[in-house]
Amino acid sequence: WIQVGSLPSFQPSELMKDSVVLFLASFLSRPGKAYRTAVSIAVVALAAMLIVLQRDYSTAVVFLLVSFAVIMVSQVSMHHIALFSIAIGVPSCVFLFTEPYRIRRVVSFLFPSIDPTGLNWQVHNSLQAIRSGGLFGKGLGNGTYKLGSIPEVQSDFIFASFMEETGMFGMLILSALLITFAVLGFRTAARHKVFGNTFISVTAFGITCMILWQALVNIAVVTALLPPTGIPLPFFSQGGTNLFMVLAECGLLYRCMLLPPVEASHG
């Protein structure tokens, strides 16, 4: 985070994620795919390296997943996609085992019974909170696990508290909202692609992927499907920078939806 005086702190990696998506959409929509793909891979690798150097491995992983999806949808050759996978995948695996706390998280994920009151305390309690919610939950504001049993419940693990208070019924509503968001975003990307407006199409696709990946990774972590990592749940988690950028992404996606394909193809 960057702190300037009394101003709210700002997380530059959140801005970088959106900036690189817009860069890739603009750069890869121009002629000269081979040259531009190689440059794009270098830019993505450099940006990911800067994020990793700030010890934010989880944000770097989401950033790489979204970048990979954007490059794939930009109709580059399989040769360059394979090059991207090697250039990004191998260093990512190496960095995963360069910090002791990352190794501990992977081990605790693979062997959850090793330390249920230590490394797995957060995930263990989040699963208990989800189970206690039942079918319809305890009611909004009536959850008890948020009172201290689950660390960082207001940000990374807010989904557990949400499930405790709304139950499976709330999960169905949240799933329906995410699916609706995905359909609207990807349909916008497909509509502009048909009319040849690659920039708007890839931008809409990248923004939709960015928000969906964050949501899926967060839910997977809380439900013990992925190792613990610090990814907020879009629209729900506390966090000024992430929430601000998610709303900015939605505004940009909404603008892409409003653009008529004919007008966009000339813009």
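Modeller: Let us begin with burial: a residue counts as buried when its relative accessible area is under 20%. Please bear in mind throughout that this is a predicted model.

Colleague: Why is Gly-185 called buried?

Modeller: The relative accessible area of Gly-185 is 0%, and the limit is under 20%, so Gly-185 is buried. Gly-185 is found in helix H7. Leaving aside residues up to four places away in sequence, it touches Ala-204, Thr-208, Leu-253 and Met-257.

Colleague: What makes Lys-17 count as buried?

Modeller: Lys-17 has 3% relative accessibility, which is under 20%, and therefore it counts as buried. This lysine belongs to helix H1. Its contacts, not counting residues up to four places away in sequence, are Thr-59, Phe-63, Met-210 and Gln-214.

Colleague: Which residues does Phe-63 touch, not counting residues up to four places away in sequence?

Modeller: Phe-63 touches Met-16, Lys-17, Val-20, Val-44, Ala-47, Ala-48 and Ile-51. Phe-63 is also listed with Leu-24, Ile-150 and Phe-159 as having the most contacts inside the largest nonpolar core, which has 57 residues. H1, helix H2, helix H3, helix H6, H7, helix H8 and helix H9 each supply at least two residues of this core. H8 gives the most, with 14 residues.

Colleague: How do you know that H8 and H9 are in contact, and which residues make the contact?

Modeller: Contact requires heavy atoms within 4.5 Å. On the H8 side, the contact is made by Ile-200, Thr-203, Ala-204, Ile-207, Thr-208, Met-210, Ile-211 and Gln-214. On the H9 side, it is made by Asn-242, Val-246, Glu-249, Cys-250, Leu-252, Leu-253 and Cys-256. By class, these are ten nonpolar, four polar and one charged residues. H8 covers residues 198-222 and H9 covers residues 240-258; they pack at an angle of about 145°, with their axes 10 Å apart. The crossing of H8 past H9 is left-handed.

Colleague: Why is Ala-224 called partly exposed?

Modeller: Partly exposed lies between the buried limit of under 20% and the exposed limit of over 50%. Ala-224 has 29% relative accessibility, so it counts as partly exposed. It lies in the loop between H8 and H9. Its phi is positive, about 65°, although Ala-224 is not a glycine.

Colleague: What makes Phe-235 partly exposed?

Modeller: The value for Phe-235 is 40% relative accessibility; this falls between 20% and 50%, so Phe-235 counts as partly exposed. Phe-235 is placed in the loop between H8 and H9. Phe-235 is not a glycine, yet it has a positive phi of about 75°.

Colleague: How many helices and strands are there in the protein chain?

Modeller: The protein chain has ten helices and zero strands. Read from the N terminus, its elements run α-α-α-α-α-α-α-α-α-α.

Colleague: What share of the protein chain do buried residues make up?

Modeller: Buried residues account for 43% of the 267 residues. The accessible surface of the protein chain comes to about 13,700 Å², and 72% of this belongs to carbon and sulfur atoms. Among contacts between residues at least 6 apart in sequence, 66% join residues at least 24 apart.

Terms used: Residues are numbered from 1 along each chain as its sequence is written. This is a predicted model: local features need pLDDT of at least 70, side-chain atom pairs count only at pLDDT 80 or more; totals for chains, interfaces and linings use all residues. Side-chain values use heavy atoms; hydrogens and water are left out. Axes are lines fitted to C-alpha atoms, for helices over the stretch in contact, and angles run from 0 to 180 degrees between N-to-C directions. Helices (H or I, at least four residues) and strands (E, at least two) are DSSP runs, numbered from the N terminus. A crossing is left-handed if the near helix is turned anticlockwise from the far one by less than a right angle, and right-handed if clockwise. Ala, Val, Leu, Ile, Met, Phe, Trp, Tyr, Cys and Pro count as nonpolar, Asp, Glu, Lys and Arg as charged, and the others, Gly among them, as polar. Buried means under 20% relative accessible area, exposed over 50%, partly exposed in between (1.4 Å probe, protein chains only). Accessible areas come from the Shrake-Rupley method with a 1.4 Å probe; for residues, only the protein chains shown count as cover. A nonpolar core is a set of buried Ala, Val, Leu, Ile, Met, Phe, Trp, Tyr and Cys residues joined through side-chain atoms within 4.5 Å.
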